[in-house]
Amino acid sequence: MARFLKNKDAAMGKAPGEMIFIGSQKVQQATLHVIDYDREHLTEIEIADIKEGRHFKETDTVTWININGLHETDVIRDVGQAFGLHPLVIEDILNTGQRPKMEEYDDTLFFTLKIMTYDEKEERIHNEQLSMVLGRTFLLTFQERPGDVFEPVRERIRKHKGRIRGVGIDYLAYALLDTVVDKYIFIIERIGEQIEEIEDEILENPTPAILAKINTYKREMNYVRKTIRPAREFILHLSRLDSDLIDDPTAPFLKDLLDLATQAVEVIDTYREMLSDHLNIFNTGISNRLNEIMKVLTIFSAIFIPLTFIAGIYGTNFEYVPELHFRYSYFIFWVVLLGVAVTMIRFFKRRNWL
Amino acid sequence: MARFLKNKDAAMGKAPGEMIFIGSQKVQQATLHVIDYDREHLTEIEIADIKEGRHFKETDTVTWININGLHETDVIRDVGQAFGLHPLVIEDILNTGQRPKMEEYDDTLFFTLKIMTYDEKEERIHNEQLSMVLGRTFLLTFQERPGDVFEPVRERIRKHKGRIRGVGIDYLAYALLDTVVDKYIFIIERIGEQIEEIEDEILENPTPAILAKINTYKREMNYVRKTIRPAREFILHLSRLDSDLIDDPTAPFLKDLLDLATQAVEVIDTYREMLSDHLNIFNTGISNRLNEIMKVLTIFSAIFIPLTFIAGIYGTNFEYVPELHFRYSYFIFWVVLLGVAVTMIRFFKRRNWL
Amino acid sequence: MARFLKNKDAAMGKAPGEMIFIGSQKVQQATLHVIDYDREHLTEIEIADIKEGRHFKETDTVTWININGLHETDVIRDVGQAFGLHPLVIEDILNTGQRPKMEEYDDTLFFTLKIMTYDEKEERIHNEQLSMVLGRTFLLTFQERPGDVFEPVRERIRKHKGRIRGVGIDYLAYALLDTVVDKYIFIIERIGEQIEEIEDEILENPTPAILAKINTYKREMNYVRKTIRPAREFILHLSRLDSDLIDDPTAPFLKDLLDLATQAVEVIDTYREMLSDHLNIFNTGISNRLNEIMKVLTIFSAIFIPLTFIAGIYGTNFEYVPELHFRYSYFIFWVVLLGVAVTMIRFFKRRNWL
Amino acid sequence: MARFLKNKDAAMGKAPGEMIFIGSQKVQQATLHVIDYDREHLTEIEIADIKEGRHFKETDTVTWININGLHETDVIRDVGQAFGLHPLVIEDILNTGQRPKMEEYDDTLFFTLKIMTYDEKEERIHNEQLSMVLGRTFLLTFQERPGDVFEPVRERIRKHKGRIRGVGIDYLAYALLDTVVDKYIFIIERIGEQIEEIEDEILENPTPAILAKINTYKREMNYVRKTIRPAREFILHLSRLDSDLIDDPTAPFLKDLLDLATQAVEVIDTYREMLSDHLNIFNTGISNRLNEIMKVLTIFSAIFIPLTFIAGIYGTNFEYVPELHFRYSYFIFWVVLLGVAVTMIRFFKRRNWL
Amino acid sequence: MARFLKNKDAAMGKAPGEMIFIGSQKVQQATLHVIDYDREHLTEIEIADIKEGRHFKETDTVTWININGLHETDVIRDVGQAFGLHPLVIEDILNTGQRPKMEEYDDTLFFTLKIMTYDEKEERIHNEQLSMVLGRTFLLTFQERPGDVFEPVRERIRKHKGRIRGVGIDYLAYALLDTVVDKYIFIIERIGEQIEEIEDEILENPTPAILAKINTYKREMNYVRKTIRPAREFILHLSRLDSDLIDDPTAPFLKDLLDLATQAVEVIDTYREMLSDHLNIFNTGISNRLNEIMKVLTIFSAIFIPLTFIAGIYGTNFEYVPELHFRYSYFIFWVVLLGVAVTMIRFFKRRNWL
């Protein structure tokens, strides 16, 4: 299956807005996790049916419902109906090959982006889709499977840490986005370290294994970039959005998030260029080695081929070869051989080959 | 014939707006297929002459007339007159080398773009031109030949599936565009899979056949890109259009379509870069193999050439070669040969050539 | 002489607006050809002096004066005075190295661009400068020499074909520009066909002749691009111009012309990229062949060098070489030689060299 | 540790705005250095606690507080509280991997950028983070360790040199930024000189040491660029800022600073291109040398291999080889050998190999 | 010294606006040359001290003061004071490494750009800085040394040629800029001719000398580009400037100047691309030659190595080699040798190597 483009065969020829799950099932059963809080109160429950959580929509408290598992389209449809989501939003949530983007609806904002994880052993990045619907008093998050990426945010809510309990739902959305982007930076750094490390090795010992590494990092960096660039785009859009869903005090935090995303994109580009340079250096290293090999071959050939020829001359069976019969012929023969050898060696020394 | 630019010889020196068919005839006879519907009624007929379909123009129901076969310029002219199309629109419909674009006229919108099909056997993409004229109550579509690409949409109309019967003509136009763009994504994915697959092969076994593949994918990706980029451009334009031909409820669907087209363009660029990387890796692989070959040659030469030389010395016919007459000369001779060989092998081991 | 930049030595240090012809004389004597028409009347004459044509300026009919030959600066000056042209316009008309551009003056528009012709034998494009001054009732065109490029337009005027006789002077200007841009497309297509054709040859047989071809097409494509891009720029500007010299009905035609020019620029870029790919493939082909050559060399060397060495051993003249005296030595010697040869061949087969 | 992206592990999962120092401790203890002046008075003291310096905030004189050492987060927090800084500003000051940027707050401007130093021995650039908070009457600067980079500005203040004592706090901020950017230019020039110098060497003697140098300069230029480009961006923003924190007379100085930063960015790009050219030339040089080596090998082989073969023929032990018994055979043999050698040499001369 | 960035060491740590000359002294003593004219009068004098020329500032006539030699900072300071120049203007005039730019002050415009000269022998471009201050009735020009580049303009003033005497000071400024840009075009053309000329040579005979040439042209083109691009930028800005220092009739001339500068920049880019293509072709040429060399080597080796082996066999001293004793062995031996040789030659012919 193409990794850079999710299979949409299932959806071909279907009506837009129809509910088809595109992706691979990653969890047994969909679960709904609800946190409802304000400065004083905190409720945290797991529910099986959205109807149990519906009343939270009406209250003024901050309500965060996290839905894990997208393959149960019924659950998603129920959530959609309960919170009045547009059919296209449902379609986008279910299509895990969705490009990161933001959509403004009448009284909700919809974002979708990727949570990245890095499999260090395989040296491969995996993406999971995260969709968020931000309403005036509720935040819905949809993940493909339960993950612990948002656990620190939940901890902050539970322990009343930082400003999170005192401010609105928009700050919660920001906090989750910030967690996701922090993860991007973390992964880029991991790969980046390795990219910076192989530099010296390339110059000294350009092996096919190094080449395979360069290639892997290049592919992964392309993959990261494809994920982060549209995310940065919508964060830019979000930070400039004039919507009453975003309160004034949250604005500098969004600006800060934008800086982080911009830095991520820039660093990716720097690493991509660095990898191109690595490949160039690698190629030059290969050429250098070829030169070395050819020098060895040439030096051996150029020294011994003339010598062998001279030996060959005196191996001929001509009847009348006067040199063969002199007393010191064999000695002189050796002197000549040495003379030729020394001359050749000097020749190569002058050319800096030795 | 140049595939990236259609032959316009026929039209050279002709007045603009004249009716000349540019392309190759792909169907025997032009046919007109009419679907007329609203929420309650549905009429579907094949007609031979546009005059039979003219009255649909006046009704308030949604009227979709699909014309297959462009070489019969008379048919196209009649349609043009019946629906009051600008001469340039007729010219553009007939010129199958037209760049995808949108034109706004007083009470119609005109689009032209390509329907892509992928010939898996030949690994080659074929384009067919699709032109659409969107009026207030009618939609004209012009194809080079009858195709089944729009059959699912017709089925949705017939079976009253999704929202299509309940909404306006603009939604029908969107549904057709969506089908076309879905097809693009589908084809990119097909080629993309193959591009991702050959990656490992390149590193391990860079054969000319792989090179030919890289080249084919590159050319096809260029071809796809040339087709999709202007299409995305006009979809962008369309999604921002302030026209009363586009109803408000259709807007989010067009925005969604734009996202799809944007994703297509981005993925094409990603694959193009990947192919460039592939070519680089391929070249490096070739260089690597050359090094291997040269190592083999050098090792053989550097070991045997000196040995042959030594043998040559004792093949000379000098009268006085003392070594020839010693009892163990031949044995010592072999020891020397082995000594030289071992030295050379060690030399190459130290250089990591063995 | 630099082809990509016309020699301006003659004009160095001269005052701007002075009349100096920059270029090479291409016609014996300047000629003036006048066509004056409206829906009913048509006058077509050749005149020697602009004074004879001056009265056309005052009439309401469409007056097109075509001046061939720029080296007679007196003629150009007289025309300039008769029609009140700015000194800089005269200077630009005379400088055949002028970059394509449009200038707005109080009641005239001035364009200058290139007419391209393709010398198929030399595989080289030649440019001729065309300048146009569009007034309210007159159109002046200045060419370096008489050409038949505008003959079809004249025919359309004479034969009352298409809309040309019924509409204004701006449509005539459009018709001429359209003819010029059609010619661009035609030439790009010619070269494009050849570029697409050599693709297969490059993979199979990368000869220096193919390399020379790639180089030629690349240079010509650069040349075309340098000519067309600024032309497209001013057509864009023209199509958006808010001037009462351009009537409303002409607007869609200019938009269409812009589409054509845009398509030309895009196709040029596609072909330029394709040529870059061609060069890459060519280089890879060269490397592939080198590998083939080296394999042949290595196989021969690695098989025969050891054999020669073994033969050399038994060519030595040592007194005590027991093997020489055995009955079947020579036979065993051959068996050994064959054994070595077969081993080497197997070695190369395992490495996929054979 | 990745040099192009600072380790943010410490901050993962922490609430935004929390105070965590990201970087490596470069100084024992944080120090605060205060300069307070107007046209007539000048006070310069070192204080241990910001409370001692707090009263300067109220006065109308220019107050510049320089804080060295960021690891003591308590000190930074105290400063932040004393001057009412936003939590995100504090966070940014403490994160030494911050991307250069400017933030506008209600009555302060916050900038952060890098001070570059060049370690000539290691040929490596080091960055230190500088953060500045510009208020109406105070300027806070935060550095990782005390440096003498601002000493000349202090001298100018002390010695009443130039305009610095007579103008506002914004001019002081400009003067510090100018010093930092001057330092950038200085470092680019240092590396640039070396880049320009190696040019001739590359053509004449492409050694791996030169390659390592090119690579080093490339990496450092990338590093400089990554540092300067966002700095230039915010200087651009600053020079266009409509804020009452920036007085009119300072505007041309900021414009001048922008020019300097723009020049820096442009020169970096020029040098980066130059390095790419260097690498190309280097590779071509390597190929050239390979050709030279192969020529030597080929000339030797092509001359001596046929000669050796001829000698081999007359080394055979056939009973009936008539030539062996002629009187002048050996002499003629030498003539043939010389003839072959001369022919080969001529052959190579004609091919321009000798 | 870095050529692409002027040494600013002298200015490090100095207050902005301080007067330090950055550059190398090119003339013994600064001189001031004054031309004062209107339609009727003309005064032309050399003065030693600006005080003698001060009164020209007050008159309504056009006053052009040309100052040669920047190292005498006192002279420049006096001029600055006499004409009320901003300290930053003085600083910019003295810094000969200044990036070309324009600054608007209350009633003056300040430009600085480079005068280029081409040393044909060294194939190297030299830059000299030209600064201009345009006031309402005066124009100050500052050059590093006296040059004859403006002599033609002076001649036009003296001889009352063209429009120069009848129009304002802004036209004079334009005329000088036009002269400078004409010079750019002239130099680009010189180098361009050479770039176009070497094309054929590269394909046929890729020698290191050609490579050195390509490299030189590339470096010089980079240098020219770095000089011209910012100049074009400020000419663009100037041509759109809404300032009462620029009269309406001068506007079309500035537009024309902009076209010229744009053309220069575009042609530089075309030549830069052409040089990249040249380098590619060069590399391919080198590879081609390597293939040729290797073919020669392989053909010689593959023909003679087997032959030598066969000869070696019959040079062995085995006692029982039946072939040695046959009457026609030697003759058959030759037949076999020829047979092998012919087979090999056919093999290479079939592979198109011969």
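This is a predicted model: local features need pLDDT of at least 70, side-chain atom pairs count only at pLDDT 80 or more; totals for chains, interfaces and linings use all residues.
Residues count from 1 along each chain as its sequence is written, and chains are lettered from A, with ligands numbered from 1, in the order in which they are written.

Let's begin with chain D. Its open sheet has seven strands in the order β2-β1-β3-β7-β6-β5-β4, with mixed pairing. Helices here are DSSP runs of H or I with at least four residues, strands are runs of E with at least two, and both are numbered from the N terminus. Two strands pair when DSSP finds at least two bridges between them. As background, strands of a sheet pair through backbone hydrogen bonds, either parallel or antiparallel. At the edges of the chain D sheet stand β2 (42–47) and β4 (101–104), each with a single partner strand, so one side of each has no neighbour in the sheet. On average, neighbouring strands of this sheet are turned by 15° against each other, direction ignored. (Axes are lines fitted to C-alpha atoms, for helices over the stretch in contact, and angles run from 0 to 180 degrees between N-to-C directions.)

Within that sheet, β3 (residues 62–68) and β7 (residues 138–143) of chain D run parallel and are joined by six bridges. N68(D) is the residue opposite Q143(D) in β7(D). Helix α2 (residues 87–94) of chain D packs on the sheet, where it touches β5 (109–119), β6 (124–134) and β7, and its direction makes about 160° with that of β6(D). In contact, by the way, means that the C-beta atoms of two residues, placed from the backbone, lie within 7 Å.

α2(D) also has a helix to pack with. It meets α1 (residues 73–83) of chain D at an angle of about 145°, with the axes 10 Å apart. Their crossing is right-handed, where right-handed means the near helix is turned clockwise from the far one by less than a right angle, and left-handed means anticlockwise. T73(D), I76(D), R77(D) and G80(D) of α1(D) face I90(D), I93(D) and L94(D) of α2(D). That contact divides into four nonpolar, two polar and one charged residue. For these classes, Ala, Val, Leu, Ile, Met, Phe, Trp, Tyr, Cys and Pro are nonpolar, Asp, Glu, Lys and Arg are charged, and the others, Gly among them, are polar.

Now hop to chain A for a look at how covered α2 (residues 87–94) is: six of its eight residues are buried. Buried means that 20 or more other C-beta atoms lie within 10 Å of a residue's own, exposed means 12 or fewer, and partly exposed is in between, with C-beta atoms placed from the backbone. The buried ones in α2(A) are V89(A), I90(A), E91(A), D92(A), I93(A) and L94(A). They pack against α1 (73–82), β5 (109–119), β6 (124–134) and β7 (138–143) of chain A.

In chain B, helix α1 (residues 73–83) lies across β3, β6 (124–134) and β7 (138–143), at about 165° to β7(B). Helix α4 (residues 169–204) of chain B lies across β3, β5 (109–119), β6 and β7, at about 30° to β5(B).

Chain C shows the hairpin end of things. A hairpin links β1(C) to β2(C) through four residues, and six bridges join these antiparallel strands. V34(C) has I45(C) as its bridge partner in β2(C).

The axes of α6 (residues 251–313) and α7 (residues 329–350) of chain C come within 10 Å and cross at roughly 160°. The two are therefore roughly antiparallel; the cut-offs are under 35 degrees for roughly parallel, over 145 for roughly antiparallel, 65 to 115 for roughly perpendicular, and oblique for the rest. α6(C) passes α7(C) in a right-handed crossing. The contact has twelve nonpolar, no polar and no charged residues, including I299(C) and L307(C) of α6(C) and V336(C) and F348(C) of α7(C).

Finally, chains A and B meet: 51 residues of chain A are in contact with 55 residues of chain B. On the chain A side, α5 (208–239), α6 (251–313) and α7 (329–350) each supply at least two residues. The largest share, 18 residues, comes from α6(A). By class, this side of chain A has 28 nonpolar, 14 polar and nine charged residues.
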